[in-house]
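Work through the exercises below with the sequence and the model open. Try each task before reading its solution.

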Amino acid sequence: MQSRNVTLLRNHGWFLQMSHSTRRARRALRAALGVALSAFSVGFTGDALADDNHFQVPSSLAGDVAVVMPTNYASPGAWLLDEAVEDVSETVPAAPSVDNEPNANAEATDQSSDDSVVADEDAAELSVPQTDDESVEDSDDDDGSLEERFEEFEEHLSELEDSIDEVAEVAGNKSLVVSGSSKSTMKVSGRVHLDAWGFDNDEGVTQFAGGEDEENRLGFRRLRFGVAGKVKDNMLYKIEMEFAGGNDSEFRDAYIGWTDLPVLQLVLAGNQKRPYGLDHLNSSRYNVFIERPFVIEAFNEDARRLGLQSYGVSDDLAWNWRYGVFNQRNVQDEGNYVGDHLQLEVAGRLANTIWYDDISGGRGYAHWAVSGAHADVSKDALSEARFRTRPEARTAGTRYFDTGQIAGADYYNLIGLEGVVNVGALQIVGEYQSNWVERDGFEDVRLDGGYVYASYFLTGEHMPWDRESGTIDRVTPFQNFWLVDKCDGCREAGWGAWQVAARYSQADFSDGDIFGGEGEALTVGLNWHWNSNARMQFNYVTGKSENSTVGNRAGAPIEGNYDIYGARFMIDF
């Protein structure tokens, strides 16, 4: 049986004497507070008020508690409200010291129950009638049972609150929509790239362009819409369509996958990017220049192929890798590959973020990577031994650099090196790739190229880095672009982020009897980031091509120069 205890509460010359347990004292205080509030709202009536200074608290609330009011209060309600609010903070903390250590303090508690409480002469006494031991024991048992149930309820309530928080987090993500299955999720994404191009070419380039002057272009470079999500327990999917071709729509990323796999980590099966060429692995949403360099596009045209690929990253995010097997045919406009020769390619990339400044939020970092591929090609008309690209701008259809199908090609081996150094607003990036084509009945050829560029934010931002994929990430301006009129006739504006960049690119697609052209170009760019999802890009490209028979394979190699102006308005979501 819980030992009886006496709690003494003294304030403003009055004492409250209680028995049995501190829980009964709390009920008495709550009852006193209720009576006080009633006194202010409706006043004391009937048996509740004996005279000016005496009233009776109902026994159902306080256990027959008699209260005498000090003479310095005008009314019982004012007195009780004052005392209950001020003294309940002193009464409640005293209870755990008795209930929490019944064994250690049992002897002292029994002794204290026999002691009398001495009060000041000016104090009034508040007493609670004693009950027999059996009644106290039954009451304590009931109180203990209720307390256990209350603690159990609190635990369930805490679990429910955690579940509600998880649901709220998902529900608060406005980028999620309801999928067709209760066991899966779906996220909608898209991008719009609207381009304008102007050309100023000489006669040599006219041959490369199919014998006609290159005409100016205005239209959509990308118009994509896709969905991606997860399927219980560890699967994912993505489907992305490209509508920039009008009626000739194509797909881009289209795959299913498995996450959290032993050793392999993430595996994707379907149309996805082959793992070489940093500028191709970077998303077009984040790239610094409007179009990609010669060598990156030529050796990995349109980047995506049908294949099976594993993706991994180290625990400290310093290393990441991807490797897989692919069919070399670009089936984005066909949907499938048909042929007796599968033209398989094995490719991989190992990347290392050798330095990353966590303290500055990633404003400083350094990266290097090595990539490679071995590709087996067929010797028929479907041979994928052809490498071609545009002049780092979006021309009408013909490529200024084009090896054509390399006769006798059996397989080719590619190796690539890349590096990135970022210090605050300044970033320097470079890549080099070399391609050895092995041929039957013909001399082997070697094609290669590379580029280097520097970019700088005039407004102080930096190019973020994704250590899990080893690619650049989304830029966040310090201040978004906006312009509003104020009530006083003035205007306020935010000017976004401004970035300047310059790139030098070189490639050699001519060797032996192959005259795909030797090119170099200088591109100067200006990027105006309105916000994290939208920006404008301006590029000026000046370049030349020589030792090329593109447009006239039977003729002698020629050369040509070009100047190109481009702009892009873009947004993604």
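This is a predicted model: local features need pLDDT of at least 70, side-chain atom pairs count only at pLDDT 80 or more; totals for chains, interfaces and linings use all residues.

**Exercise 1. Find the salt-bridge partner of Glu242, and decide whether the two residues are buried or exposed.**

Step 1. Look for the partner. Glu242 bridges to Arg224, with the closest N and O atoms 2.7 Å apart.
Step 2. Glu242 is in strand β9 (residues 235–242), and Arg224 is in strand β8 (residues 217–231). They sit 18 residues apart, so the pair links distant parts of the chain.
Step 3. Check accessibility. The cut-off for buried is under 20% relative accessible area. Glu242 has 5%, so it is buried. Arg224 has 8%, so it is buried too.

**Exercise 2. Which parts of the chain does the salt bridge between Asp253 and Arg304 tie together?**

Step 1. Confirm the contact. The closest N and O atoms of Asp253 and Arg304 are 2.8 Å apart.
Step 2. Assign the elements. Asp253 belongs to strand β10 (residues 250–261) and Arg304 to strand β12 (residues 304–313), so the bridge ties together parts that are 51 residues apart in sequence.
Step 3. Asp253 and Arg304 are both buried.

**Exercise 3. Where do Arg292 and Asp279 lie, and how far apart are their closest N and O atoms?**

Step 1. Take the distance. The closest N and O atoms are 3.9 Å apart. The cut-off for a salt bridge is within 4 Å, so the pair counts.
Step 2. Locate the ends. Arg292 is in the loop between α8 (278–281) and α9 (294–299), while Asp279 is in helix α8.
Step 3. Check burial. Arg292 is buried at 13% relative accessibility, and Asp279 is buried at 4%.
Step 4. The model has 27 salt bridges. Some form a network, which links Asp195, Arg221, Glu291 and Arg568.

**Exercise 4. Which residues stand opposite Ile564 in the strand pairings of β28?**

Step 1. Take strand β7 (residues 186–201). Eleven bridges join β7 to β28 (residues 558–572), and the two run antiparallel. Here Phe199 is the bridge partner of Ile564.
Step 2. Take strand β27 (residues 534–548). It is joined to β28 by 13 bridges, again antiparallel. Here Val541 stands opposite Ile564.

**Exercise 5. What charge gathers in the surface patch that includes Glu148?**

Step 1. Read the charge. The patch is negative; among its members are Glu148, Glu151, Asp162 and Glu166.
Step 2. Glu148 is in helix α6 (residues 133–171).
Step 3. Glu148 has a relative accessible area of 57%, so it is exposed.

Methods
Residues are numbered from 1 along each chain as its sequence is written. Side-chain values use heavy atoms; hydrogens and water are left out. A salt bridge is a side-chain nitrogen of Lys or Arg within 4 Å of a carboxyl oxygen of Asp or Glu. Helices (H or I, at least four residues) and strands (E, at least two) are DSSP runs, numbered from the N terminus. Buried means under 20% relative accessible area, exposed over 50%, partly exposed in between (1.4 Å probe, protein chains only). Two strands pair if DSSP finds at least two bridges between them. Patches are made of residues with over 30% relative accessible area and no salt bridge: like charges are joined within 9 Å, nonpolar side chains (Val, Leu, Ile, Met, Phe, Trp, Tyr) within 5 Å. Accessible areas come from the Shrake-Rupley method with a 1.4 Å probe; for residues, only the protein chains shown count as cover. Lys and Arg count as positive and Asp and Glu as negative; His and the chain ends are not counted. The place of a charge is taken as NZ of Lys, CZ of Arg, CG of Asp or CD of Glu.
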